[in-house]
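Start from the model itself.

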Amino acid sequence: MTEEVKPFRVLSLDGGGIRGLFTAAFLAHIEEQAKKPLSSCFDLIVGTSTGGIIALAIGSGIRACDVLRFYLEEGKSIFSKARPWPIRLMRPKYDAEPLYEALKKFLGTATMNDSKTKLCITSYESVEGTPRVIKTDHAEGLHWGGEQLMWKVGAATSAAPTYFPAFQISTHDSHLDGGVWANNPVHVGIAEAIYRLGQRLDNLAILSVGTGSKRFTLSYTEASRRGLIQWVRPSFDLLIGSQSFAAHHSAKFLLDSGTYIRIDIDLAEPVALDDYEESLPLVERGYQAGRIHRDMIAKNFC
């Protein structure tokens, strides 16, 4: 009798700033229903920016309800003191110290290799000009990433251009938000599972969680008339949203509908990644998504 092969379970968490409230609430509901730590439900967790911070917390054994509490308690202070507009033209919108202090307090002295499951956290290293994936030492040939402090990795993956300054993990590097190339890191999870961990595509089970999205649309007339000033504001959202959309559909084409589950919500209006007040309703929508998809997720993951 052939032994049944258990699927290799991957959790992929999008970026989105304080909209991570949706992700945290969704995962809190899932963990409550599972009655066991989320880290035991997944063989690999990949995350970008706010999703990277949540991935680090889950990996370190922090309960999802406490992740949600962290976002509710610290989010407002992190995004409360924007620099004045004239200064903002030449400097990041926020001083990053409140973010760093919150991450130190939340993640403590844990390193990547202290994680209870395999982790992949995205960033962009600007000195060499290359995408980076900071990993636990979960496969042969991997080094450096596993010894790094989790809070520093969290600061690196969430160093969103124009919002926060670049972050140095080591003396000579410079990290930017992983969302500039992998805001939806599901393809990172697929590649890692196959290339580094020897899994087959048909043996993957992936749960991908977004932070809410509003599709960018513009008429030909308006798009053709826009110049530099008109494109500055929407360009970041356009680039992030379009590559997230593409990553989702690539995964959808590669994987069977029963083994790839995407959880996301449509936003009536765009919500900025630093808008704490406008993001608060996402908590209930996260719980609601958990209730709707509870049975399917329990069957495939928890």
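V67 touches A24, I54, A57, I58, I62 and F106, leaving out residues up to four places away in sequence. The model is predicted.

**Strands 1, 6 and 7**

Strand 6 pairs with strand 1 in the parallel sense, over six bridges. F8 has L204 of strand 6 as its bridge partner. Strand 6 also pairs with strand 7 (residues 260-263), again in the parallel sense, over four bridges. There, I206 has Y260 as its bridge partner.

How many of the residues of strand 6 (residues 204-209) are buried? Six of the six are, so strand 6 is largely enclosed by the rest of the structure. L204, I206 and S208 point one way, while A205, L207 and V209 point the other way. In a regular strand, side chains alternate between the two faces of the sheet.

S12 sits in strand 1 (residues 8-13). Its side chain reaches the backbone nitrogen of V186 at 3.2 Å. Beyond four places in sequence, S12 touches V46, N184, P185, V186, L207, S208 and V209.

**Helix 6**

Helix 6 (residues 150-157) has seven of its eight residues buried, so helix 6 is largely enclosed by the rest of the structure. The buried ones are M150, W151, V153, G154, A155, A156 and T157. Their cover includes helix 2 (50-59) and helix 5 (97-107). Strand 2 (44-47), strand 3 (118-125), strand 4 (130-135) and strand 5 (175-177) are also part of that cover.

P98 is in helix 5. Leaving aside neighbours within four places in sequence, P98 is in contact with S77 and I78. P98 and I78 are 20 residues apart along the chain, yet their C-alpha atoms are separated by 5.4 Å.

Is each of these two residues buried, partly exposed or exposed? The table gives the class and the value.

| Residue | Class | Relative accessible area |
|---|---|---|
| P98 | partly exposed | 34% |
| S12 | buried | 0% |

Buried means under 20% and exposed means over 50%, so a value in between is classed as partly exposed. P98, at 34%, is therefore partly exposed. S12, at 0%, is therefore buried.

Technical notes. Residues are numbered from 1 along each chain as its sequence is written. This is a predicted model: local features need pLDDT of at least 70, side-chain atom pairs count only at pLDDT 80 or more; totals for chains, interfaces and linings use all residues. Side-chain values use heavy atoms; hydrogens and water are left out. Buried means under 20% relative accessible area, exposed over 50%, partly exposed in between (1.4 Å probe, protein chains only). Helices (H or I, at least four residues) and strands (E, at least two) are DSSP runs, numbered from the N terminus. Contact means heavy atoms within 4.5 Å. A polar contact is a pair of N or O atoms within 3.5 Å; within protein, one must be able to donate a hydrogen and the other to accept it, and residues adjacent in sequence count only if both atoms are side-chain atoms. Two strands pair if DSSP finds at least two bridges between them.
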